Amino acid sequence: MKIQPLALTLLLLIVPCAFAKTLPDKQVRAVAAKIDSLLLEDLNAANLSPLERIDDGTFIRRSYLGIVGRIPTEDEARSFLADTSPDKRARLINILTASPGFDSHLFNWTADLLRVQTNDEEYGLGWHTWLRASLAKNKPWDEIVHDMLASTGHASDNPAVGYYLRDRNMQLDNFSNSMQVFLGQQIGCAQCHDHPFDDLSQYNYYQMAAFSGGTVYASEDARETVTRAVREKNGLAPSKESLQNMNKRERRDVLKKSQNEFKKTASLLRPIFRNFNRNAVYENPKLSLRLPDDYKYNDAKPGALVPAETLFGEQLAGIAPTERRESFAGWVTSEKNPFFTKVIANRLWERTFGHGLLDPVDNWKEDSKPAHPKVLEFLEETMKAVDYDLREFSRILYHTNLFQRECDLTEPELGNTHLVRGPTLRRMTAEQLYDSMIVLKNGTINDSPSAKLDQRWQQYTLAVDKMLNAETDDLMILAEATSQAEDEFREARGEMQKFQRAIAEADTKQERFKAVQASREVREKFQKMRLNRDPLKMIMAGENTMTADESPSMGSTMMSGNNRHNNGKGAEQSLARASEFPAPFNPATLVREFGGSDRESPSSGNTIPTVPQALALLNDRQTDIIGGKKSRLGKRLASIDNAQERLETVFLCLYSRLPSSEEADAFEPIAKNSIELRDLTRAMLTSNRFIFIR
Amino acid sequence: MKSNQLNELSRRSFLARTAKTCFGLSIAGSASQLFSQRAFAADPNIQKAGGGKAKNVIYLYMSGGMTHIDTFDPKPDTPSEIRGSTDTIKTNVDGIRLGHCLPLLAKHMDKVALIRSLSTTQGAHEQGKYLMHTGYDQRGSISHPSSGSWVSRLAGGINKALPPFVLVGGSNNHPGGGFFEPKFSPLPIGDPQKGLRNIRQRYDTKDESFDRQLLLRKQLDHDFDSKFHKGQRAVRANNEAFDSAVKLMRSEDLEAFDLSRETKASRAAYGSEPFGQGVLLARRLVERGVRFVEVEFGGFDWHDDNFNQMEEKIPTLDQALSTLLADLSAKGLLESTLVVVATEFGRSPKINADSGRNHFPKAFSCLMAGGGVKGGQVYGATDETGSNVIENKVDASDFNASIAFALGLPFDLPLMSPTKRPFKMGGSAGEPITKLFA
């Protein structure tokens with residue numbers, strides 16, 4: 001049964017523009033109501049009823065955590081609960097969706113999906129800040145994806161190339177990943193053999209991967225700079241006129257000499273741009289993807305060139321070599337692509353309500369049967385109608401009645417169709433917990449993007465620019481210094497191999513122990529040399545704005561920056577949210593301990609409870625919101641005489657609601673005593689009611 | 001060889017009937033209690049066949065796909081386009097050779113069995129890692145338990161206060177406990193040098209306060225739990241983690257997690273990198289009664305600069321592994337501790353344009369030692385270039401069946417998922433490599 005594009009009708013009054021503006025409330029509610037009625041149809045057909053409407057306390061907590069990624073402050077909770085206006089919930093949703101807190105929360109989710117690693121080479125930082133800014137300014141999803149898939153050049157110029165650089169030299173893995181993340185297709189295993197279940201052969205896989213077959217992980221800008229410098233240094237090649245006046249032998253000698261000089265200078269200069277090659281891509285129209293050497297099927301020869309062709313959706317074939325990536329980007333993000341829109345719509349549905357209409361969210365087949373197929377179709381239309389504006393799409397979901405229903409008591413079964421009576425109960429993510437701790441300790445939080453990260457990226461782009469436009473003489477000096485560093489590195493490696501042989505040849509335990517000890521120093525030197533041979537670091541060290549230690553590529557500062565903020569000491573002062581730190585966080589930090597993403601696979605963040613987490617909530621200094629003389633909450637409670645008020649305060653801070661009358665009876669006596677109240681507060685922090693989001 | 005004939009379903013119903021009449025407790029509660037109190041004893045049939053000697057497992061996972069021909073399966077007679085700068089060294093076992101970055105391990109070859117014939121069709125990291133850990137292909141519809149959780153479930157814990165399964169340095173995408181109940185999931189230690197943190201009550205908290213806190217937590221969650229505990233695995237897991245945490249805090253065995261109690265020499269011997277310290281922690285935990293410890297070592301995905309990275313990284317494995325074997329042997333624990341080195345796939349013999357090697361699931365190597373494994377042997381073989389398995393192919397399910405076999409556990413006992421489908425530690429049809437133990 002075909003659904004009329006009702007969403008389009010409802011949203012007709014939108015003036016299309018580059019970045020969609022907010023929709024009029026009336027229309028948002030109409031679209032949301034349609035979603036609710038379609039859900040209801042299915043529930044009625046299955047003799048199920050939707051769950052009850054949640055109370056204000058549950059609502060405010062769910063809205064803040066779901067929309068801006070943190071618990072409300074005591075004041076925010078108090079004022080909302082006291083507000084008697086009938087439309088306060090809708091107003092709150094609109095305020096929260098428009099706030100910068102929404103950006104921070106959405107960024108965590110998106111960066112996890114894309115596996116952004118802030119400190120990967122230099123580009124990582126640029127990709128991180130570019131994505132953060134793109135989401136904050138409402139760049140439509142299809143444009144974000146298109147920007148990334150079609151990107152080329154050096155990261156300092158076009159940070160979106162970070163998407164490709166994330167899988168540098170692993171072009172096929174990158175392609176598999178694109179298919180999974182954007183189109184929900186699990187075709188990775190077809191890289192090595194015909195797909196066992198689906199109709200996809202290894203050849204098919206290569207046909208689609210071939211769109212990025214001309215991608216080279218190197219910097220064209222760097223190559224051009226080298227060429228320019230070589231010409232400057234050695235003058236132009238001998239002119240035709242001068243050659244004409246020579247005999248054959250002379251001509252040959254002159255040409256050979258000039259070629260050798262060119263080669264020599266080039267080989268001196270190229271190494272200093274090696275880092276550039278780790279942070280740039282370019283398209284080589286003459287390069288194409290070939291089948292692997294051990295291709296075993298009969299349909300093609302091993303090593304054969306594979307022409308790029310799409311296998312579903314819009315047919316793309318015979319594309320000009322210069323257009324391959326651009327075409328692919330267009331094909332993936334096209335409204336006509338059978339999966340692009342439904343995948344992002346379903347992902348956002350899962351993000352909002354806890355479980356996808358199709359679950360898992362990245363395994364779509366042609367015969368996939370989502371729960372509520374009409375809802376999904378409608379969501380697709382809606383996504384197109386809002387021009388892929390993730391904020392507005394989310395806002396529509398938040399305005400449904402579904403968003404205000406009680407959580408289902410039983411979790412959905414993996415892989416089974418799950419009819420939606422209410423949202424799914426979920427634990428806070430690591431970032432939600434981290435950010436909520438900031439609120440508990442400070443009573444406020446800073447939602448803005450980190451100026452520090454932006455600054456560091458600026459400094460890097462300036463240094464890159466400097467190097468690409470440097471005087472030839474300066475480049476030659478840099479080349480000399482780099483070559484020296486290389487020699488020292490090779491020497492260190494040779495020494496290391498000698499020591500390894502000594503270990504192998506040691507006869508006695510003592511000798512072996514000595515040899516191992518001796519080799520360790522050399523090995524450390526080797527590792528240091530390996531890192532320090534980078535000329536860009538030398539340039540940045542020369543800048544008076546930063547030292548080599550502070551340069552973006554020095555992962556250590558970034559990481560220790562994490563630690564500085566994540567240990568007990570700095571935490572009170574830091575109001576910066578988890579999204580403003582380089583990711584992934586270090587293992588054994590609070591964020592990682594609670595399942596924060598390691599950015600190794602798409603959406604790898606998890607909310608699996610563990611013993612170290614329980615210990616952290618029980619005993620860690622970072623989670624102590626009430627102990628000690630400096631505790632803000634402690635001081636606040638000490639200033640309140642009345643036990644009832646004290647109890648209300650802790651309930652508002654931790655649970656964003658007032659105690660029920662039974663709770664008041666049970667706990668007010670406890671609230672009279674400050675030690676007991678402290679224990680109660682700590683108990684609340686470790687309770688399921690705190691860390692789960694109803 | 002005869003496999004364990006126990007039928008999980010009939011056992012459960014027996015326990016259920018008993019529970020109803022004797023304890024009046026929930027079925028799950030009493031059944032699990034009875035099950036864990038039952039002393040774990042290796043299946044006598046497996047013991048007859050040479051297995052069942054191990055009580056513990058130390059599982060070292062090289063994440064990213066560790067090259068095989070530069071390490072456990074060197075090919076000295078190949079041209080440099082394949083061999084690269086890798087040399088081959090002799091070991092203390094005639095006829096067995098290793099790549100030159102493993103000189104220390106070479107002195108312990110007599111304890112080690114190399115398995116050179118691993119072969120799968122999973123050339124992607126996540127899928128390959130999942131397959132090696134669970135014995136099953138990754139599917140959207142189910143989450144299979146990893147070998148550590150299988151061992152926890154089938155063999156139970158040893159020490160009541162310590163978890164049966166600890167994962168050191170694990171990444172987010174570790175399959176963990178899969179569909180098993182939360183208590184079989186690993187306890188994760190992010191940084192072995194930091195160990196298990198936050199184990200002491202806050203400085204300002206007397207015991208009376210702490211106990212009050214625990215009681216109040218239960219009170220506060222009473223309504224929530226009565227609604228959600230039964231139908232929400234995550235809630236059960238959270239409560240489980242909380243109870244275990246409190247138990248651990250009160251246990252004397254906590255010091256098992258504390259590396260600072262090891263001597264300086266001991267810590268130096270394992271190597272100062274987190275991996276080496278993780279292996280030391282594993283030995284320590286096993287000594288004190290943790291059944292299964294997995295230590296993950298990331299960064300083996302050498303698509304470029306294979307040889308420099310090899311020089312940098314393999315020595316860390318070499319040092320940690322050889323020290324572990326020597327240490328276990330000296331303490332008389334080698335026979336009862338199965339040591340495993342695994343990875344998701346190998347790397348292409350043909351060196352690519354970036355001096356690297358690409359993913360290669362068709363042929364790769366793993367290692368087992370201790371736990372009754374007969375050392376000084378090579379199981380399986382690849383061709384001259386390490387490109388194809390030519391003898392005794394082993395897949396992930398055989399590999400995990402062998403781990404079960406070493407412990408005397410029923411590798412083919414089907415256990416039901418919540419969706420009523422049967423799964424086994426040895427995958428759907430895995431067979432243990434008995435030759436490793438005979």
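In which hand does α2(A) pass α18(A)? The crossing is right-handed, a label used when the near helix is turned clockwise from the far one by less than a right angle, with anticlockwise giving left-handed. The model is a predicted one, in which local features need pLDDT of at least 70 and side-chain atom pairs count only at pLDDT 80 or more, while totals for chains, interfaces and linings use all residues. Side-chain values use heavy atoms, with hydrogens and water left out; residues are numbered from 1 along each chain as its sequence is written, and chains are lettered from A in the order in which they are written.

Back to that helix pair. Helix α2 of chain A covers residues 25-45 and α18 of chain A covers 390-398; helices here are DSSP runs (H or I, at least four residues), strands likewise (E, at least two), numbered from the N terminus. Their axes come within 8 Å and cross at roughly 60 degrees, the axes being lines fitted to C-alpha atoms over the stretch in contact, with angles from 0 to 180 degrees between N-to-C directions. The two helices are therefore oblique to each other (under 35 degrees is roughly parallel, over 145 roughly antiparallel, 65 to 115 roughly perpendicular, and the rest oblique). On the α2(A) side, the contact (heavy atoms within 4.5 Å) involves Asp25(A), Val28(A), Val31(A), Ala32(A) and Ile35(A); α18(A) brings in Glu392(A), Arg395(A), Ile396(A) and Leu397(A).

Ile35(A) and Leu397(A) turn up again among the contacts of Trp349(A), which also include Leu39(A), Val375(A) and Leu402(A). Trp349(A) and Phe182(A) touch the most other members of the largest nonpolar core, a set of 124 residues. Such a core joins buried Ala, Val, Leu, Ile, Met, Phe, Trp, Tyr and Cys residues through side-chain atoms within 4.5 Å, where buried means under 20% relative accessible area, exposed over 50% and partly exposed in between (1.4 Å probe, protein chains only).

Over in chain B, Ala113(B) sits in strand β4, residues 112-118, and counts as buried because its relative accessibility is 0%.

Elsewhere in chain A, helix α15 (residues 324-333) is mostly covered, with 8 of its 10 residues buried, among them Phe328(A) and Trp331(A). Ser258(A), in helix α14 (residues 248-269), is buried too, at 13%. Leaving aside neighbours within four places in sequence, Ser258(A) contacts Ala237(A) and Pro238(A).
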